[in-house]
Amino acid sequence: MVTSFDIPRLVIAAPSSGSGKTTVATGLMAAFSERGLAVSPHKAGPDYIDPGYHALATGRPGRNLDAFLCGPDLVAPLFAHGAAGCDLAVVEGVMGLYDGAAGRGELASTAQVAKLLRAPVVLVVDASSQSRSVAALVHGFASFDPQVRLGGVILNKVGSDRHEVMLREALEEAGMPVLGVLRRAPQVATPSRHLGLVPVAERHTDALASVSALAAQVRAGCDLDALMALARTAPQLDCEAWSPARAAPAAGAPGPEQSPGRRPVIAVAGGAAFTFSYAEHTELLTAAGAEVVTFDPLRDEALPEGTTGLVIGGGFPEMYAPELSANEPLRAAVAAFAGAGGPVAAECAGLLYLGRSLDGKPMCGVLDADARMSERLTLGYREAVAVSDSALAQAGTRLRGHEFHRTVIEPGAGATPAWGFTHPERRVEGFVQQGVHASYLHTHWAAEPSVARRFTEAAAARL
């Protein structure tokens with residue numbers, strides 16, 4: 001059923017990475033939330049870390065909109081699902097406005113997401129090393145694709161009052177509204193490391209202070225009323241909102257209406273070491289009939305009571321290898337669960353945790369493989385096909401995914417690999433053994449909800 005959604009919305013984009021998109025987007029989310037608005041936070045692309053700050057700013061789950069992982073047709077439905085009942089939606093872009101999947105034109109770019117959402121774009125420009133040239137830059141971005149509606153500019157890292165005057169004069173000549181001016185403010189900088197910002201879960205108190213400072217900076221430097229007025233110019237969005245209940249209806253597992261004791265318990269790793277997760281994964285598992293329980297491998301010495309399925313997603317285990325290794329009771333519990341054939345779905349950090357060692361520190365020993373930090377960043381979209389049947393996917397299942405890590409694991413694939421990559425390179429990767437499916441590949445289950453249902457059914461079979 002197609003429904004019209006009248007949700008005010010903005011896409012926050014930039015000419016390139018490092019221009020200040022996260023600063024502005026998070027600050028806007030927090031500033032509008034402080035006004036009492038229900039703000040729906042979204043992030044274009046596969047990034048897990050920025051949505052954590054968005055969630056802190058709004059009190060709602062940060063959600064990703066990725067046209068490569070999920071396909072263009074799911075962008076608007078997933079947006080409508082997340083933004084239902086909200087007063088405003090703010091979408092932070094990825095890289096530069098027109099940058100997308102390599103060699104695929106506009107696919108997975110911020111521009112494509114903006115067009116699919118019929119949303120006005122606000123361009124965040126790092127003005128620290130330019131004056132009148134800003135008009136030429138903005139003109140180029142505004143005219144490159146006539147279907148992208150550039151509604152205004154927020155100038156970032158402006159050095160002085162005189163600098164601001166020159167920038168405003170240039171943009172006035174170009175007919176482009178200036179919706180905000182932010183000065184250089186290192187006190188609100190957010191720490192980063194080898195894969196981007198430090199996740200919220202690792203610095204919650206400091207992150208709260210950072211988000212509060214960003215809100216204050218945006219309130220002082222941006223015209224919130226003009227930005228809200230621009231958001232309200234977005235036309236109605238006609239689509240059917242995505243629904244986890246429709247995507248992965250319960251089958252073999254008892255339904256959510258039945259007593260929790262009758263439902264399969266799927267334990268999902270969380271805490272500071274395992275922060276990478278898409279909100280839709282938990283929603284799909286719940287819809288498929290599971291009781292989802294979070295546990296922290298840094299602190300909990302046992303799996304949640306009654307665990308019949310185990311999901312260990314991405315994160316930064318390399319930062320916590322000594323602590324993870326020191327939790328011997330949990331490592332033994334995970335090894336015993338996997339050894340007994342329990343269904344385990346592990347991505348990236350989860351893969352490393354299941355291995356024999358990480359940077360020389362003993363891990364769970366489920367897989368005969370050793371991992372270590374590397375100087376090389378492995379980054380990019382992948383097209384993959386399941387090599388064999390597993391608790392997660394039936395052989396032949398095709399999924400698109402994303403790799404993002406500075407570690408290597410040897411061997412890179414087991415006797416039965418998890419995936420065969422078909423693009424951009426051909427190779428096998430990951431491990432399938434007994435109930436375990438472990439791989440570096442990050443996937444978005446909304447693109448193929450059958451994996452959530454299949455995994456829940458495998459967990460239900462152990463009741």
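Student: Which residues does V158 touch, not counting residues up to four places away in sequence?
Tutor: This is a predicted model. V158 has its place in strand β7, residues 150-158. Leaving out residues up to four places away in sequence, V158 touches A127, H163, E164, L167, V181, L182, R183 and R184.

Student: Is V158 buried or exposed?
Tutor: The relative accessible area of V158 is 1%. Buried means under 20%, so V158 is buried.

Student: Which residues have the most contacts inside the largest nonpolar core?
Tutor: That core has 115 residues. L155 is in contact with V125, A127, V134, L167, L171, V178, G180, V181 and L182, leaving aside neighbours within four places in sequence. The residues with the most contacts inside the largest core are L117, L155 and L227.

Student: Is R118 buried, partly exposed or exposed?
Tutor: R118 sits in the loop between α4 (110-117) and β6 (121-126), and its phi is positive, near 50 degrees. Its relative accessible area is 43%. Buried means under 20% and exposed over 50%, so R118 is partly exposed.

Student: What is omega for the peptide bond from H423 to P424?
Tutor: P424 lies in the loop between β20 and β21 (427-429). The bond from H423 to P424 is cis, and its omega is near 5 degrees.

Methods:
Residues are numbered from 1 along each chain as its sequence is written. This is a predicted model: local features need pLDDT of at least 70, side-chain atom pairs count only at pLDDT 80 or more; totals for chains, interfaces and linings use all residues. Side-chain values use heavy atoms; hydrogens and water are left out. A nonpolar core is a set of buried Ala, Val, Leu, Ile, Met, Phe, Trp, Tyr and Cys residues joined through side-chain atoms within 4.5 Å. Buried means under 20% relative accessible area, exposed over 50%, partly exposed in between (1.4 Å probe, protein chains only). Contact means heavy atoms within 4.5 Å. Helices (H or I, at least four residues) and strands (E, at least two) are DSSP runs, numbered from the N terminus.
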